[in-house]
Amino acid sequence: MLLKFSFLGSEYDFDEAKYIIIPVIYGKPLSREAAIGIIRQSLNLPGYNNRYGIRYNDIPVYTFDLVIPSIDPSKAMRELHNILDYILSKNKIPIMIGGDHSITISTVGLFNRYILVDAHLDLYSEYEGSEYSHACVGRRLIEYSEEIYYYGVRVVEPEELDIAYKTLDRLEIDRFYLSVDLDVLDPIYIDTNVPSYGGKSYGELLEFIEGITGKMVLGMDFVETVDNPKSTYLTADLIANTLAILES
Ligand SMILES: [Mn+2]
């Protein structure tokens, strides 16, 4: 039997699916093509999730065509924005995977409340001459919504302290967009573009994500993973566990 090159090898079609995985090829070289590795590694996961008692082929997930946005960041954000807008208009949950954290900026205008899971605040107004940098994600979101909450932050630069931010340790809000920068994890677990020691364990992160049980997650992304087998496997496992939590 041929295995479909889709997240978890899922055979659901777009109309049947509730979750739409969007593989985004974008940004810094080490993570640019990680989405492909994440999908490849998702095919190596066991078919049954013991932790949450669910079979992966019971999860209605569909994998969108590979998205390779324009090099020009403002164009790229508009392209991603339009794809997300289309998926939301079909009452489905978009999940961007791979690439650079800057892709989260494309969600501005589509969601009101955000949880940013990240070692960093990304509150630079501008970074390396760009307002679309991965280091500006939090800033662009906070300029647009007051309801931005961080989990796992441990690196704060003085340039970022001119702006107030909120943190939470437990997921006690509802109806939100969840952005997961994998560097929230300690670098012993995963390689990311901007690693920093003293991070969360995989178990701690999963425990936090378990807080979404019974809540409405409107969209998600999983970003900044370096494209190597260990890191893409962990990312695939985390996304699969997140879907299992939502469906169990
Ligand atoms: Mn980060």
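Isoleucine 115 has leucine 178 of β9 as its bridge partner. The model in which this pair is found is a predicted one. The two strands concerned, β6 (residues 113-117) and β9, are paired in the parallel sense over 4 bridges. They belong to an open sheet of 8 strands with parallel pairing, in the order β4-β1-β5-β10-β9-β6-β7-β8.

**The sheet**

- The edges of the sheet are β4 (61-63) and β8 (166-167), each of which pairs on one side only.
- Strand β9 (residues 176-181) also pairs with β10 (residues 217-223), in the parallel sense and over 6 bridges.
- Along that pairing, phenylalanine 176 is opposite valine 217 of β10, and tyrosine 177 is opposite glycine 219 of β10.
- Strands β6 and β7 run parallel and are joined by 5 bridges; here tyrosine 114 has isoleucine 148 of β7 as its bridge partner.
- Strands β7 and β8 run parallel too, joined by 2 bridges, with tyrosine 149 opposite lysine 166 of β8.

**Strand β9**

- Is β9 mostly covered or mostly uncovered? It is mostly covered, as 6 of its 6 residues are buried.
- Phe176, Leu178 and Val180 point one way from the strand, while Tyr177, Ser179 and Asp181 point the other way.
- Both of these sets are buried.

**Crossovers**

- A right-handed β-α-β unit is made by β9, helix α4 (residues 202-209) and β10.
- Another right-handed β-α-β unit consists of β6, α3 and β7.

**Helices and their packing**

- Helix α1 (residues 34-42) is largely enclosed by the rest of the structure, because 7 of its 9 residues are buried.
- The buried residues of α1 are Ala34, Ala35, Gly37, Ile38, Ile39, Gln41 and Ser42; they pack against β1, β4, β5 and α5.
- In helix α4, the buried residues are Leu205, Phe208 and Ile209. They lie on the same side of α4, because they cover an arc of only 95° around the axis.
- These buried residues of α4 pack against β7 (147-151) and α5.
- Leucine 206 is also in helix α4. With 17 other C-beta atoms within 10 Å, leucine 206 is partly exposed, because a residue needs 20 or more to count as buried.
- From leucine 206 to valine 226 there are 20 residues in sequence and 20 Å in space, C-alpha to C-alpha.
- Helix α5 (residues 229-247) lies across β1 (19-23), β4, β5 (93-97) and β10, and runs at about 170° to β10.

**The nonpolar core**

- How many residues does the largest nonpolar core have? It has 71 residues, and those with the most contacts inside it are Ile20, Ile21, Val61, Ile95 and Ile97.
- Helix α5 gives the largest share of this core, 7 residues.
- Isoleucine 95 is in contact with Tyr19, Ile20, Ile21, Ile22, Met220 and Asp221, leaving aside its neighbours within four places in sequence.

**Residues with positive phi**

- Aspartate 122 is not a glycine, yet its phi is positive, at about 50°.
- Aspartate 122 is found in the loop between β6 and α3 (137-142).
- Is aspartate 122 buried or exposed? It counts as buried, because it has 30 C-beta neighbours inside 10 Å.
- Glutamate 224, a residue other than glycine, has a positive phi near 75°.
- The loop between β10 and α5 holds glutamate 224.
- Glutamate 224 is buried, because 33 other C-beta atoms lie within 10 Å.

Definitions and conventions: Residues are numbered from 1 along each chain as its sequence is written. This is a predicted model: local features need pLDDT of at least 70, side-chain atom pairs count only at pLDDT 80 or more; totals for chains, interfaces and linings use all residues. Two strands pair if DSSP finds at least two bridges between them. Two residues are in contact if their C-beta atoms, placed from the backbone, lie within 7 Å. Axes are lines fitted to C-alpha atoms, for helices over the stretch in contact, and angles run from 0 to 180 degrees between N-to-C directions. A nonpolar core is a set of buried Ala, Val, Leu, Ile, Met, Phe, Trp, Tyr and Cys residues joined through C-beta atoms within 7 Å. A residue is buried if 20 or more other C-beta atoms lie within 10 Å of its own, exposed if 12 or fewer, and partly exposed in between; C-beta atoms are placed from the backbone. A crossover is right-handed if, with the strands pointing away from the viewer, the path from the first strand over the helix to the second runs clockwise. The arc is that of the directions from the helix axis to the C-beta atoms.
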